[in-house]
Amino acid sequence: MYPPRAVNLFCLAILCVLVSCGDETSIGVPGDLSIQKSPTNSGDNQTDTVFATLAPLRVLVTRGSVPAAGVSVSWSFSPSDSGTAPGQSTTDASGIAALAVRYAYVGTHTIQASVSDAVGSPVSFTIAVTPGRPILRIVSGNNQSDTANARLAADYVVQVSDNHANALSGIIVDWAVTAGGGSITPTRSTTDQSGYATARYTLGADTGSQTVTATASALPDVPRTTFTASAFRFSARALAFADDSGGIYTINSNGTGFTPLNLSGRLFQPTWSPDGSKIASRGDSSDAGVHVMNADGTHLVRLTTQVDGSPAWSPDGSRITFVRSGQIQIMNADGTNVVQLTNDTAAASDPAWSPNGTVIAFARSGNIYVMNADGTNPLAITTWDPLCGSCGTPADGQPAWSPDGSRIVFRRVHPACQLCSGYYSDLLIVNADGSGETTLFSGNARCYGGGIYYNCPTFSYSPAWSPDDLWIAFASSNDCADWGDECALDVHLQVISVDGRRTAQVYSGTADAPSWRP
């Protein structure tokens, strides 16, 4: 038998073995780190709109079965388009690490929480992000104008997005004509990946405003938007013009009603009086001066006897401006009381009254000027830098006012610095204060001769703005005709829509200085 002391020592040894095989944590020995979603309020599987701040995502980190405080948790995003930057958070005394997130883009997103060497890492969360408030907006095609029954040049395009500019694809857009009687094709379209939907509109027979409404009926609050177009009929208003021999004619702007008024062969630059009852013109060198006749060509009266030209009526018809010896003059409509308005070493030309009668536009030194109707305060509204150096200086001239007096159309002559001789000219429009200059009609065409293409283009001149603000008439010739090639133009009197998109031939013979009948 063992003595009692030996038995006690043996039992103590057995007890120590048993204790050493038990739970390490019970005596402070560390266990493995592990990470999992928080058992409560983890934030997983949330759904909200873009840019909404979601409930925090929460993970629990433990060491063995004990919450682990002060552990760094790394967060990452897939795809990496979160409104919250990836970063770090640290567990609190309960072993919880949290991150508040928001997303800028629609879709399903994954967030991962990671702890280095932790069991269960990474932990994945899924977030569904839905669009914000839907919006239907016009992209292009609004506010076009054309003749009645014409198909508009630009399609109607809308975009469906949310209020955070996220494009919404696969959305049905319904198109409906709401005024004007035109047709829209298709009547239903679906947005593409950019959120765009497109339709084509053909104007109806009604003149004036025509509207089409686009509607996304399946979306909340039913967003819609409306396109507006303007339809007009081609004007048959009369134009007066002169041919190269000095005969005066009238013709309707649709090409009908050609009528000779004066075939004396000595009158040029016809211009209608504001009431349409008379036509002023200039004579040739054998019969110099400003002349006035009735609108039917009868009762021709010579008002001045010097070499005067470029007559222009005041809006009330009481006075006429004209050019004498390079200076602008003004006189009563019966030829009395001639007064010189300009007095400059540089020659002035092409006077044109503003519709309200307070301002006169004219050309001088290659630029367009405006001045008060009494000749004071001349101001250049166009400026020119020569494009071709030794080839010559470009020149602006022949201004004509829009009916509301806000804009001026004019001719710009360019020196021809190519292989062809001569010049070419454009028609431009500028605001009355000199801003917003745009090209209405470009004369820089190409011509073919001797196996080579040349820049021998159109010479456009004498623009005249129609009283209905729809068309600009102008005279035109083309140096290409000298080459005898197929691109030569034989159009000498044309009209162009004010937006520059449509042109039409009025008269194919020689024509100059068109003037619209009021």
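Predicted model: local features only at pLDDT ≥ 70, side-chain atom pairs only at ≥ 80, totals over all residues.
Modeller: Buried means under 20% relative accessible area, exposed means over 50%, and partly exposed lies in between (1.4 Å probe, protein chains only). Residues are numbered from 1 along each chain as its sequence is written, and side-chain values use heavy atoms, with hydrogens and water left out.

Biologist: Thanks! What pLDDT does the chain average?

Modeller: Of the residues, 82% score at least 70. Averaged over the chain, the pLDDT is 84.

Biologist: How many contacts beyond four places in sequence does the model have for residues 446–454?

Modeller: The pLDDT stays under 50 over this stretch. A contact means heavy atoms within 4.5 Å. Counting those beyond four places in sequence, residues 446–454 have 23.

Biologist: Over residues 480–491, is the pLDDT above or below 50?

Modeller: This stretch has 23 contacts in the model beyond near neighbours in sequence. Its pLDDT, though, is below 50.

Biologist: Now the overall build. How many strands does the chain have?

Modeller: Helices (H or I, at least four residues) and strands (E, at least two) are DSSP runs, numbered from the N terminus. The secondary structure comes to 1 helix, and the strands number 44.

Biologist: What percentage of the 518 residues is buried?

Modeller: The accessible surface of the chain (Shrake-Rupley method, 1.4 Å probe, with only the protein chains shown counting as cover for residues) is about 24300 Å², and 50% of that belongs to carbon and sulfur atoms. Among contacts with a separation of 6 or more, 48% are between residues 24 or more positions apart. As for the buried share of the 518 residues, that is 46%.

Biologist: Why does the pair of Y156 and F227 count as stacked?

Modeller: The ring centres of Y156 and F227 are 4.2 Å apart and their planes stand at 10 degrees, so the pair is stacked. These two residues are 71 residues apart, Y156 in β12 and F227 in β18 (residues 224–232). Both are buried. The reason asked for is the angle between the planes, 10 degrees.

Biologist: Which residues form one aromatic cluster?

Modeller: Y156 and Y201 are both buried, and so are Y156 and F227. The cluster is made up of Y156, W175, Y201 and F227.

Biologist: Which charged residue lies over the face of Y369?

Modeller: A charge sits over a ring if NZ of Lys or CZ of Arg is within 6 Å of the ring centre and within 35 degrees of the ring normal. K37 lies this way over F125, at 5.7 Å from the ring centre. Over the face of Y369, at 4.6 Å from the ring centre, lies R364.

Biologist: How many bridges join β17 to β18?

Modeller: Two strands pair if DSSP finds at least two bridges between them. Strand β17 (residues 208–215) has 6 of its 8 residues buried, and 5 bridges join it to the antiparallel strand β13 (residues 172–179). On the β18 side, S209 has S230 as its bridge partner. The strands β17 and β18 run antiparallel, and the number of bridges joining them is 8.

Biologist: Last one: what relative accessible area does R502 have?

Modeller: R502 lies in the loop between β42 (493–497) and β43 (503–507). Beyond its neighbours within four places, its contacts include D146, T147 and W471. R502 is partly exposed because its relative accessible area is 34%.

Conventions:
pLDDT = per-residue confidence, 0-100. Phe/Tyr/Trp six-rings, centres within 6.5 Å; stacked < 30°, edge-to-face > 60°.
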